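Subject: A structure for you to explore

Hello,

Here is the structure I promised to pass on to you. Please open it next to this email and follow along as you read.

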Amino acid sequence: MSRRFVVTGTDTGIGKTVFSAGLADFLGSDYWKPVQAGLDGETDAERVAQLGALSHDRILPERYRLNTPASPHLAADIDGLTIDVAALDPPETRARPLVIEGAGGVMVPLTHETLYLDVFARWRLPVVLCARTTLGTINHSLLSIEALRRRSIDIRGVAFIGDEHADSEGIICKLGQVRRLGRLPWLANLRHAELRTAFNAAFLRRDFET
């Protein structure tokens, strides 16, 4: 099994953090979000720990914790900081696999010169692309797939989030020439037990194997 996966999305607010929690639980992995933008309320790491039932030692501390819920480059500007992208390389070895969650979509800027996509290209880790199933997902998904592929980044597959929309899911995977990993439905009761049950029903462990 690959030891490390990057989870990114086609947009913000699509359920990527919930998926990351489910994947970390599914694989028995640790979790890391390099940059957290927005500290008012529950952070993504705290949400993953709760939904994935991950112990404290399975949550790696963020390299940057920024106050404003905005694109990292802007949040850093507001905080008077400069993100050192060279400091964002993930740890080489862990006792467990590692799920790394990006922010928003693949083209989100970390600094005024560097996109998350640039960092993903440097890491050379397999990427799981989360895509919603609602209107507009075909365009956003195919653009994200093309951006990743132009950087020769390994796309492990697309994980859909939301209500079933077979035509959209099928055309994205056909035209994008990517694997459909599964679809995580919206959960009325979003808790660890319900997320684990839904994730186990929607995804196959072999799809995350090398």
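Below is what was found in it, one topic at a time.

This is a predicted model, in which local features need pLDDT of at least 70 and side-chain atom pairs count only at pLDDT 80 or more, while totals for chains, interfaces and linings use all residues. Residues are numbered from 1 along each chain as its sequence is written, and side-chain values use heavy atoms, with hydrogens and water left out.

**Helix α1**

Helices (H or I, at least four residues) and strands (E, at least two) are DSSP runs, numbered from the N terminus. Helix α1 covers residues 16-27, and its 12 residues should span 16 Å at 1.5 Å a residue (the expected span is 1.5 Å times one less than the number of residues). Is α1 mostly covered or mostly open? It is mostly covered, since 12 of its 12 residues are buried (buried means under 20% relative accessible area, exposed over 50%, partly exposed in between, with a 1.4 Å probe and protein chains only). After α1 comes Gly 28, which has a positive phi, near 65°.

**Salt bridges**

Side chains of opposite charge can pair when their charged atoms come close. The structure holds 16 salt bridges (a side-chain nitrogen of Lys or Arg within 4 Å of a carboxyl oxygen of Asp or Glu). One of them joins Glu 101 to Lys 33, with the closest N and O atoms 3.8 Å apart. This pair links distant parts of the chain: Glu 101 is in strand β6 and Lys 33 in the loop between β2 and β3, 68 residues apart. Both Glu 101 and Lys 33 are buried. Together with Lys 16 and Asp 44, they are linked in a network of salt bridges.

Another salt bridge joins Arg 122 to Asp 89, where the closest N and O atoms are 2.6 Å apart. Here Arg 122 lies in helix α4 and Asp 89 in the loop between α3 and β6. Arg 122 is partly exposed, at 39% relative accessible area, and Asp 89 also counts as partly exposed, at 34%.

**The largest pocket**

A pocket is found on a 1 Å grid over the protein atoms alone, as an open set of points where a 1.4 Å probe fits, with protein on both sides within 12 Å along at least five of seven lines; lining residues have an atom within 4 Å of a point. Which residues lie nearest the centre of the largest pocket? They are Thr 12, Lys 33, Asp 44, Ala 103 and Gly 104, out of 24 lining residues. The elements that give two or more residues to this lining are α1, β3 and β6.

**Aromatic pairs**

The whole structure has 9 aromatic pairs (rings of Phe, Tyr and Trp, its six-membered ring, with centres within 6.5 Å; planes under 30 degrees apart are stacked, over 60 edge-to-face and the rest tilted). Phe 26 and Phe 208 form an edge-to-face pair, 6.2 Å centre to centre with 70° between the planes. Phe 26 is in helix α1 and Phe 208 in the segment after α7, 182 residues apart.

Enjoy exploring!
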